[in-house]
Amino acid sequence: MGTAANGDPDAILAVGALADPARRRVYRVVARSREAVGRDHVAEALDLPRSTAAFHLDRLVDAGLLTTESRRLTGRTGPGAGRPAKLYRRADGEVALSLPSRLYELGGRVMAEAIGRAVDDGVPVRDALHEAAERAGRGLAGASADLGTALADAGFEPHDDGDAGVTLGTCPFHRLALENAAVVCDLNHALVCGMARSTGTDPARVLLDPGAGGCCIRVVPTPR
């Protein structure tokens, strides 16, 4: 499907496009075909007017769920061959909508990278996990002006608790943490430390605090 995201407007648009039952059926016809299909194919498969099939197909393209190509179906070329047909196929990307925001795909990439380094280079697994998570955190923060903005943009739901610091309203790896809290919280801590470094915040302010809120992280204020 389209773009992977957590609460991303593009993902919401894509999911919304499939809210219509007829449009879902149109999407399934295209998605199950190995080859790109035309409007006539979809109309015949679902017993729909061609104009209705075309309408739903084009809405799915607008939502990023389908892509189009043009090709003459007869194989003929030159004068008299007719206009190329507009054909549809499923888009290559993925759509994931999670509320509250979760970062399971990012966590999987971090773990895979860490395991790869441990196996290939003999790096201790915990060290490899920390390094991979910190790199991911720096990338996640991007060009954010400060750590609070970076955390909010990533969906961590930061809350300012005054002198107690900043706590997080949601855990980005909630389901994973339920089964292996020690490893996942370690990963999350290194991730937020990477975000801190990327935004010029002292990573020593990022503490593991399982009772802090909806997540295991607390960012304490700068010592006075």
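Helices (H or I, at least four residues) and strands (E, at least two) are DSSP runs, numbered from the N terminus.

Before the views, a word on the model. This is a predicted model, in which local features need pLDDT of at least 70 and side-chain atom pairs count only at pLDDT 80 or more, while totals for chains, interfaces and linings use all residues. Residues are numbered from 1 along each chain as its sequence is written, and side-chain values use heavy atoms, with hydrogens and water left out.

**View 1. An open sheet of 3 strands, in the order β1-β3-β2.** The pairing is antiparallel, and two strands count as paired if DSSP finds at least two bridges between them. β1 (37–38) and β2 (66–71) stand at the edges with a single partner strand each, so one side of each has no neighbour in the sheet. Between β1 and β3 (residues 85–90) there are 2 bridges. Look for G38, which stands opposite L87 in β3. Helix α2 (residues 21–31) packs on the sheet and touches β1, β2 and β3; contact means heavy atoms within 4.5 Å.

**View 2. The buried residues of helix α3 (residues 39–46).** Here you can find R39, V42 and A43. Buried means under 20% relative accessible area, exposed over 50%, and partly exposed in between (1.4 Å probe, protein chains only). Seen down the axis of α3, these buried residues fall within an arc of 100 degrees, so they line one face of the helix; the arc is that of the directions from the helix axis to the C-beta atoms. Their packing partners are α2, β1, α4 (50–62) and β3.

**View 3. The largest nonpolar core, with 34 residues.** Such a core is a set of buried Ala, Val, Leu, Ile, Met, Phe, Trp, Tyr and Cys residues joined through side-chain atoms within 4.5 Å. Among the residues with the most contacts inside it are V110, L151 and F156. Helix α9 (181–198) is one of the elements that give two or more residues to this core, and α9 gives the most, with 9 residues. Leaving aside its neighbours within four places in sequence, F156 is in contact with residues including L103, L140, N188 and M195.

**View 4. Where α5 meets α9.** L106, G107, V110 and M111 in α5 meet V184, L187 and L191 in α9.

Key:
Axes fitted to C-alpha atoms, helices over the stretch in contact; angles between N-to-C directions.
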